[in-house]
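Please take me on a tour of this model, one selection at a time. I have it open in a viewer and would like to know what to click next and what is there.

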Amino acid sequence: MPRTAFRTCPLCEATCGLRLTIEGDTVISVRGDDDDVFSRGFVCPKGVAIGELHHDPDRIRYPLIRGADGLHRRASWDEAWAEIARLLGPVRADHGNDAVGIYLGNPNVHNVSSSLYGPALVKALGTRSVFSASTVDQMPQQVAVGLLYGTGLSVTVPDIDRTEYALILGANPLVSNGSMWTAPDMPRRLRALKARGGRLVVVDPVRTRTAEAADEHIAIRPGTDGFLVAAIVHVLFAESLADPGPAGEWLADGAVDDLEQAARPFTPEAVAQLSGVPADTIVRLARELAAAPTAFVYGRMGTSTAGLAVDGQSPQSFGTAASWWIAVANLLTGNVDRPGGVMWPLPAAGGPTTSGTSGTGRGIRIPGGHRSRVRDLPSVLGELPAAALAEEIDTPGTDGTRIRALITIAGNPVVSTPDGGRLAAALGMLDAMVSIDAYVTETSRHAHVILPAPSPLARAHFDLAFSALSVQNVAHWSPPSVGLRSDEASDEQDEGDILLRLACVALGDAMSVDDLDEFVALDVATRACRSEASRVHGREPAELVDATAPRRRQERLLDLLIRSGPYGDGFGSHPGGLTLADLEAAPHGIDLGPLQPRLPEVLRTPSGRIEAAAPQLLDEAARMAAVLAQAAGHGGGLVLVGRRGLRSNNSWMHNIPLLAGGSNRCTLWIHPDDATAHDLADGTDAVLSNGTGEVRVAVEVTDAVAPGVVCLPHGWGHSGAGTWGAVAAAAPGVNSNLLTPSTGIDALSGTAVLNGIPVTVRAA
Ligand SMILES: Nc1nc2c(c(=O)[nH]1)N[C@H]1C(S)=C(S)[C@@H](COP(=O)(O)OP(=O)(O)OC[C@H]3O[C@@H](n4cnc5c(=O)[nH]c(N)nc54)[C@H](O)[C@@H]3O)O[C@H]1N2
Ligand SMILES: Nc1nc2c(c(=O)[nH]1)N[C@H]1C(S)=C(S)[C@@H](COP(=O)(O)OP(=O)(O)OC[C@H]3O[C@@H](n4cnc5c(=O)[nH]c(N)nc54)[C@H](O)[C@@H]3O)O[C@H]1N2
Ligand code: SF4
Ligand SMILES: [Mo]
């Protein structure tokens with residue numbers, strides 16, 4: 001008999017509810033869950049394809065060990081653990097803990113097991129060589145809000161459902177479905193904005209789907225958004241339109257004056273020259289923002305990872321600065337912490353903005369205290385720049401120090417991070433490499449041991465990260481929809497267990513997995529009891545852990561977090577409050593209401609104020625002003641930007657038949673004028689090259705890209721023998737990050753430049 005299972009889609013940040021029809025272990029159909037309290041039936045093609053992902057014969061279903069011939073062979077878990085201990089032991093003994101690097105890829109954020117046990121693994125390894133996808137992604141935004149509001153997760157979220165005016169820069173939510181902005185069914189939400197008379201303006205060098213749906217599309221020179229928003233702020237001051245509203249009460253003393261000073265050089269005329277956005281447009285945007293009853297400015301990949309090449313040098317990033325100016329524009333138009341502006345969610349399982357002491361905290365330390373070995377780059381929020389991973393492996397210090405072992409978890413950095421060619425070669429130099437992944441990828445193919453991540457349907461799910469980025473306060477819990485398989489063809493283990501076991505190996509097997517889990521649970525409870533803002537402040541941690549029996553693993557940790565969190569039952573202190581059991585009884589999720597103002601309780605800066613003019617940020621403004629003074633308009637060459645496809649998911653899911661083909665193609669978009677100038681026609685091949693690398697790719701001539709800009713998606717290049725599977729191999733595409741230099745790093749956030757890369761294009 002077929003049965004129905006409900007679960008949250010883990011494939012992107014939109015967190016849609018899925019309704020699965022399953023018979024035995026076979027997924028018969030996948031639809032949107034009409035009763036989901038948040039997504040109300042919305043689903044995208046990737047969500048529908050999760051059944052094919054579950055059944056993909058090329059997904060790894062048992063551990064693999066690489067033999068002397070370089071080929072991976074099936075192994076038992078015991079053999080895999082023994083091999084890992086054998087390889088990692090000497091590296092740590094002879095070269096120290098920092099000789100073991102770890103790269104945490106994007107899907108970790110969508111995976112409750114890795115969110116909860118990943119930190120325990122890093123701690124057990126005792127390494128400071130931690131890298132993640134954050135430094136090819138959102139770290140600039142985290143650093144900006146961290147300096148202003150006190151934690152790297154103090155992210156403000158556009159209140160799309162109640163706004164009257166949306167200015168979106170460098171984001172394509174109709175395709176990405178939103179990022180740092182969890183709002184399932186973006187199409188409906190953006191349509192509703194226009195239907196109630198609101199206005200949508202999109203700034204992007206590409207006429208994306210979102211730009212097409214907007215009231216106005218402004219094509220900008222890549223890498224200049226920070227300047228544009230600074231000029232908007234300049235106009236707000238020049239025309240006496242700056243008014244922080246209620247948030248003004250919490251602004252640090254003198255911040256407004258400092259901001260006025262900092263914005264002074266960014267006149268609309270000067271910025272127009274640099275950015276290609278006309279001065280009168282900049283002035284009008286500022287006036288519109290100030291006049292709108294409610295408004296928000298939002299930027300994403302195109303603002304956090306774009307760079308600007310000045311004087312033929314490799315691109316400089318202004319990612320943190322751009323994210324800061326965006327926050328400042330929201331502050332000075334009175335749109336922070338008010339409905340229809342940008343607001344802070346209140347997540348059910350809590351987080352940095354709900355723990356510690358309400359209204360004050362330690363803030364974040366920028367630059368961080370640790371430094372990379374080769375380029376002396378500072379750590380940021382506990383990690384090193386992903387763009388420095390290759391050199392940390394392939395460049396020994398005078399004493400021979402380097403990263404000699406690497407663990408990758410749910411990441412494919414050869415394809416996702418700068419200078420993929422160099423990184424691939426560096427991986428070949430490792431004494432030990434372990435990957436936890438669902439596929440043999442461009443990265444995991446180098447691993448001595450690959451541990452299989454189980455099917456996403458065989459795991460429990462709770463959105464720890466995205467409930468803190470969500471336009472509505474909601475909580476969903478999904479139990480596993482199918483069991484872990486263990487038969488002739490499969491030998492799956494829960495990823496929480498895998499991570500705990502790996503941590504135990506790192507601890508020299510001095511502890512059992514169950515003991516370590518006990519230790520982690522006690523640690524979670526202890527933090528909650530110490531936290532003044534928690535509903536269990538001052539309680540006895542062991543009492544809480546006991547009260548969650550007989551739960552174990554992620555379920556127990558979640559129950560602890562939820563019950564001590566802002567809606568929790570406080571283990572008795574708030575009768576009727578939320579527990580994991582309540583979520584288990586609500587397969588369509590629990591609606592915890594619209595976002596509410598959270599100032600000043602949300603702040604965690606040492607001053608208890610909004611540090612809108614933090615000295616690190618004012619220094620960035622000065623650096624920008626210097627560039628503005630020296631840089632003119634387009635240098636004339638072509639620059640490369642990226643794009644995302646609706647049926648593509650970063651570097652994976654290209655082996656899913658339902659998603660392959662059609663518009664999901666890795667092609668180079670080029671403007672008709674540039675195509676003519678370079679002797680290129682639709683369907684012909686172009687060779688793109690620069691000092692970092694070279695790729696050959698089919699051309700699509702389209703005026704959707706601005707002149708001077710070419711556009712290629714990242715995440716492709718699946719041509720390695722034995723990787724992925726037949727479907728991906730049939731349309732492998734090229735790895736755009738073979739062209740991304742590792743030099744363009746945003747100083748404050750360690751984040752790489754991925755957009756605005758100078759390239760030369762010629763007909764193949
Ligand atoms: N040029 C350019 N480069 C970019 C970007 C860009 O816009 N342009 N975008 C950047 C961004 S925003 C990101 S987030 C990164 C993403 O890059 P990565 O962090 O490298 O992540 P993915 O490409 O998503 O790779 C995910 C891997 O995890 C595996 N996986 C999937 N689910 C699970 C799971 O539950 N457990 C485990 N263990 N493995 C799993 C998949 O098989 C796949 O191999 O790429 C970045 N790189
Ligand atoms: N279908 C699908 N959805 C996804 C993903 C996916 O791979 N596929 N990946 C997920 C992940 S990990 C992330 S981080 C999010 C990203 O979510 P988004 O940021 O919304 O997605 P992108 O398509 O990267 O949008 C970036 C836009 O910036 C533009 N751009 C490039 N340079 C500049 C610039 O200098 N200035 C301006 N103004 N614009 C510029 C690009 O043309 C592009 O349209 O998407 C998530 N959702
Ligand atoms: S929009 Fe994202 S969460 Fe929703 S179904 Fe698609 S991939 Fe899944
Ligand atoms: Mo991302």
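Here is the tour, from the whole chain down to single residues.

**Before you start**

This is a predicted model, in which local features need pLDDT of at least 70, side-chain atom pairs count only at pLDDT 80 or more, and totals for chains, interfaces and linings use all residues. Residues are numbered from 1 along each chain as its sequence is written, chains are lettered from A and ligands numbered from 1 in the order in which they are written, and side-chain values use heavy atoms, with hydrogens and water left out.

**Stop 1: the whole chain**

Show the protein chain as a cartoon. It has 25 helices and 26 strands. Both are DSSP runs numbered from the N terminus: helices are H or I with at least four residues, strands are E with at least two.

Now zoom out. Along the principal axes, the C-alpha atoms fill a box of roughly 65 × 65 × 60 Å.

The accessible surface comes to about 26,300 Å², and 52% of it belongs to carbon and sulfur atoms. Areas come from the Shrake-Rupley method with a 1.4 Å probe; for residues, only the protein chains shown count as cover.

How much of the protein chain is buried? Buried residues make up 62% of the 764. Buried means under 20% relative accessible area, exposed means over 50%, and partly exposed lies in between (1.4 Å probe, protein chains only).

Contacts mean heavy atoms within 4.5 Å. Of the contacts in the protein chain with a separation of 6 or more, 74% are between residues 24 or more positions apart.

**Stop 2: helices 18 and 19**

Select residues 495-506, helix 18, and residues 513-530, helix 19. Their axes come within 9 Å and cross at roughly 100 degrees. That makes helix 18 roughly perpendicular to helix 19. Axes are lines fitted to C-alpha atoms, for helices over the stretch in contact, and angles run from 0 to 180 degrees between N-to-C directions. Angles under 35 degrees count as roughly parallel, over 145 as roughly antiparallel, 65 to 115 as roughly perpendicular and the rest as oblique.

Show side chains next. L500, R501, A503 and C504 of helix 18 meet V513, L516 and D517 of helix 19. This contact has 5 nonpolar, no polar and 2 charged residues. Ala, Val, Leu, Ile, Met, Phe, Trp, Tyr, Cys and Pro count as nonpolar; Asp, Glu, Lys and Arg as charged; the others, Gly among them, as polar.

**Stop 3: helices 14 and 23**

Select residues 319-332, helix 14, and residues 615-630, helix 23. The axes come within 10 Å and cross at roughly 110 degrees. Helix 14 is therefore roughly perpendicular to helix 23. On helix 14, find T320, A321, W324 and W325; on helix 23, find L617, L618, E620, A621 and M624. These residues make the contact. By class, there are 7 nonpolar, 1 polar and 1 charged.

**Stop 4: two buried residues**

Click P140, in helix 5 (residues 139-149). P140 is buried, at 0% relative accessible area. Beyond neighbours within four places in sequence, P140 is in contact with S304, G319, T320, S323, D746, S749 and T751. R300 is 160 residues away along the chain, yet its C-alpha is 9.7 Å from that of P140.

Move to L451, in strand 18 (residues 449-452). Its relative accessible area is 0%, so L451 is buried. Contacts of L451 beyond four places in sequence include W77, W81, V434 and I498. L451 and A612 are 161 residues apart in sequence and 45 Å apart in space, C-alpha to C-alpha.

**Stop 5: backbone details in loops**

Which residues does a cis peptide bond join, with omega about 0 degrees? They are I366 and P367. P367 sits in the loop between strand 15 (342-343) and helix 15 (389-394). The bond from A549 to P550 is also cis, with omega near 5 degrees. Look for P550 between helix 20 (541-547) and helix 21 (553-564).

Finish with A410, between strand 16 (405-409) and helix 16 (413-416). A410 has phi near 50 degrees, a positive value in a residue other than glycine. A410 counts as buried, at 17% relative accessibility.
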